[in-house]
Amino acid sequence: MKALTLDNIARSFGGLPAVDGVSLQAPPGRITGLIGPNGAGKTTVVNLITGLLKVGGGRILVGDDDMTEADAPTLARAGVARTFQNIRLIGDATVLDNVVAGFHRHEKAGTLANMLGLPSAHHERREFERKAHALLDRFGMTALARHPAGSLSYGHQRRIEMMRALAMEPSVLLLDEPVAGMNDAEAYSLADIFRDVARQGVAILLIEHNMRFVMSLCEHIYVLAFGRLIAEGTPDEVAGNPRVIEAYLGS
Ligand SMILES: Nc1ncnc2c1ncn2[C@@H]1O[C@H](COP(=O)(O)OP(=O)(O)OP(=O)(O)O)[C@@H](O)[C@H]1O
């Protein structure tokens with residue numbers, strides 16, 4: 001089990017700081033919230049953690065390992081998985097194939113074995129499919145396994161994205177606005193799955209606009225505004241903090 005630790009990370013664009021000395025910790029087995037008004041720097045933080053953007057200063061640790069300079073594939077191998085604000089699926093491929101694609105990190109048979117159709121590759125594919133079916137079952141999507149992912153509703157596509165991230169069996173899971181565009185019933189059924197994943201020892205960092213949703217799910221919440229942390233604490237502490245209220249009212 002590994003914690004995600006950000007130690008004073010920073011990043012500017014064209015001389016303007018987007019993330020300015022942010023420190024936080026997402027411990028294993030917990031869902032930690034990161035909230036903030038539009039343009040606060042939340043997505044930039046996620047892009048820094050996942051190696052899509054280079055860090056301008058500070059350190060990123062996964063467990064005890066310094067991942068500050070790691071690129072996206074290295075981070076994925078270290079067990080850092082994410083979902084995107086804009087869903088990224090293979091629209092023409094089936095739901096099952098999209099989930100199986102998430103097992104990529106665990107591939108042992110190798111590309112050549114796959115190309116040649118060797119038994120080791122077949123065996124591995126069957127094992128991935130077995131695990132993918134277990135995920136589909138958990139997300140209540142077994143009946144849709146053979147449907148093209150692109151033909152499904154937004155809520156279902158979000159679930160596929162989540163399954164793909166979980167297929168990596170991550171130690172750290174970054175959820176970038178996972179319930180955006182969902183109704184309350186859809187959002188709260190996903191919340192149960194997030195709780196379940198955290199209970200298995202995964203460190204979850206939940207980035208969300210929907211305050212109510214974050215408050216119901218997280219024990220500890222960090223609040224960003226203009227690239228800086230302006231508050232942290234329990235949902236009650238954060239909700240009652242005048243700086244937070246001001247940041248949200250002013251946005
Ligand atoms: N690639 C980029 N080039 C220039 N400026 C950027 C870039 N990415 C982000 N920014 C700026 O950095 C700041 C933080 O943006 P970011 O997208 O991280 O905020 P956010 O909290 O995720 O916002 P939202 O909730 O609207 O997605 C904004 O002022 C934004 O304009």
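Modeller: Two strands count as paired if DSSP finds at least two bridges between them. Keep in mind that this model is predicted.

Colleague: In what order do the 4 strands of the open sheet lie?

Modeller: Strands of a sheet pair through backbone hydrogen bonds, either parallel or antiparallel. Here the order is β2-β1-β4-β5, with antiparallel pairing. At the edges are β2 (16-26) and β5 (65-66), each of which pairs on one side only.

Colleague: How many bridges join β1 to β2?

Modeller: Strand β1, residues 4-13, is joined to β2 by 8 bridges. Within this part, I9 stands opposite V22 in β2.

Colleague: Which strands does helix α1 lie across?

Modeller: Helix α1 (residues 42-49) lies across β1, β2 and β4 (57-62), and runs at about 65° to β2.

Colleague: What is the strand order in the open sheet of 6 strands?

Modeller: That order is β6-β7-β8-β3-β9-β10, and the pairing is mixed. Its edge strands are β6 (80-83) and β10 (228-233). From one strand to the next, the twist averages 20°. Helix α6 packs on this sheet, touching β6 and β7, and its direction makes about 175° with that of β6.

Colleague: Do β3 and β8 run parallel or antiparallel?

Modeller: They run parallel, with 4 bridges joining β3 (residues 31-35) to β8 (residues 203-207). L34 has I207 in β8 as its bridge partner.

Colleague: Why is E169 called partly exposed?

Modeller: A residue is buried with 20 or more other C-beta atoms within 10 Å of its own, and exposed with 12 or fewer. E169 has 15, so it is partly exposed. E169 lies in the loop between α6 (154-167) and β7 (172-176).

Conventions
Residues are numbered from 1 along each chain as its sequence is written. This is a predicted model: local features need pLDDT of at least 70, side-chain atom pairs count only at pLDDT 80 or more; totals for chains, interfaces and linings use all residues. Helices (H or I, at least four residues) and strands (E, at least two) are DSSP runs, numbered from the N terminus. Two residues are in contact if their C-beta atoms, placed from the backbone, lie within 7 Å. Axes are lines fitted to C-alpha atoms, for helices over the stretch in contact, and angles run from 0 to 180 degrees between N-to-C directions.
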